[in-house]
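Please open the model in your viewer and keep the sequence panel at hand.

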Amino acid sequence: MYAAKAEERESIRKSRRDRAIRQQKRERRRMIALLAATLVLIFAIGVGFGTLLTRAQEPTPEENYKYYTSIEIAKGDTLWSIADEYMDAAHYASRSDYISEVMSLNHMGNSSIVSGQKLIVPYYSAELK
């Protein structure tokens with residue numbers, strides 16, 4: 001009878017020990033998960049704050065205004081050389097786009113120009129006139 005009760009007590013102790021070990025493992029997993037979530041949150045806040053600082057330090061882009069001027073064609077001028085002089089690469093994808101606009105502004109059917117001819121050409125400037 002004593003042996004049976006001792007065995008029963010040992011069985012109860014073992015089940016309590018197992019339960020305590022499982023509880024400790026669960027608590028450890030919760031702590032690890034909480035730590036991981038905290039680190040991810042800190043990282044996300046840091047990245048977000050860093051992005052805001054970077055944006056605050058970026059210079060504001062210079063505002064450009066589009067203007068038109070009249071030019072007189074000199075000997076040796078071509079639409080390509082005019083584009084090189086007046087075109088702003090930030091506003092035109094290519095010289096061909098700029099030349100097409102010049103031709104359209106001046107109602108030109110082809111790209112030939114003559115010395116002494118006057119053309120209206122667009123240009124950009126940061127100065128408000």
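What covers the buried residues of α3? Among the elements that do so in this predicted model are β1, α2 and β2.

**Stop 1: helix α3**

Select α3, residues 95–105. Within this helix Tyr98, Ile99, Glu101, Val102 and Met103 are buried. Continue past the end of the helix to His107, which follows α3 and has a positive phi, near 50°.

**Stop 2: the nonpolar core**

The largest nonpolar core comprises 14 residues. Display Leu79, Ile82, Ile113, Leu119 and Val121, the members with the most contacts inside this core. Two or more residues come from each of α2, α3 and β2, and α3 gives the most, with four residues.

Centre the view on Val121. Residues up to four places away in sequence aside, Val121 touches Tyr67, Tyr68, Thr69, Ile71, Ile82, Tyr86, Tyr98 and Val102.

**Stop 3: helix α2**

Now select α2, residues 79–86, where Leu79, Ile82 and Ala83 are buried. These residues are on the same side of α2, because the arc they cover around the axis is only 100°. Asp84 and Glu85, on the other side of α2, are exposed. Against which elements do the buried residues of α2 pack? They pack against β1, α3 and β2.

**Stop 4: aromatic pairs**

A pair of aromatic rings is described by the distance of the centres and the angle of the planes. How many aromatic pairs are there? The count is three.

Begin with Tyr67 and Tyr123, whose ring centres are 5.8 Å apart; their planes stand at 35°, so this pair is tilted. Tyr67 belongs to strand β1 (residues 65–72) and Tyr123 to strand β2, so the pair ties together parts that are 56 residues apart in sequence. Tyr67 and Tyr123 are both buried.

Proceed to Tyr92 and Tyr98, an edge-to-face pair with 5.1 Å from centre to centre and 90° between the planes. Tyr92 has a relative accessibility of 9% and counts as buried; Tyr98 is also buried, with a relative accessible area of 1%.

**Stop 5**

Is Glu101 buried or exposed? At 18% relative accessibility, Glu101 counts as buried, because the cut-off for that class is under 20%. Apart from neighbours within four places in sequence, Glu101 is in contact with Lys66, Tyr68, Tyr92 and Pro122.

With Lys66, Glu101 forms a salt bridge through the side chains, at 2.7 Å from N to O. Lys66 lies in strand β1 and Glu101 in helix α3, so this pair ties together parts that are 35 residues apart in sequence. Lys66 itself counts as partly exposed, at 32% relative accessibility.

**Stop 6: further salt bridges**

The model contains six salt bridges. Select Glu72 and Lys118, whose side chains meet in one of them at 3.5 Å, N to O. This pair links distant parts of the chain, with Glu72 in strand β1 and Lys118 in strand β2, 46 residues apart. Lys118 counts as exposed, at 56% relative accessibility.

The side chains of Glu27 and Arg30 form a salt bridge of 2.8 Å, N to O. Glu27 is partly exposed, with a relative accessible area of 35%.

**Stop 7: the end of strand β2**

Finally, select Ser125 in strand β2, residues 118–125. Ser125 is buried, with a relative accessible area of 15%. Its side chain reaches the backbone nitrogen of Glu127 at 3.1 Å. Which residues is Ser125 in contact with, leaving aside neighbours within four places in sequence? They are Glu63, Asn64, Tyr65 and Tyr67.

Methods: Residues numbered from 1 in each chain as written. Predicted model: local features only at pLDDT ≥ 70, side-chain atom pairs only at ≥ 80, totals over all residues. Heavy atoms only, no water. Buried < 20%, exposed > 50% of the residue type's maximum accessible area, 1.4 Å probe, protein only. Polar contact = N/O pair within 3.5 Å; in protein donor to acceptor, adjacent residues only side chain to side chain. Contact = heavy atoms within 4.5 Å. Phe/Tyr/Trp six-rings, centres within 6.5 Å; stacked < 30°, edge-to-face > 60°. Arc of directions from axis to C-beta. Core = buried A, V, L, I, M, F, W, Y, C linked by side-chain atoms within 4.5 Å. Salt bridge = Lys/Arg side-chain N within 4 Å of Asp/Glu carboxyl O.
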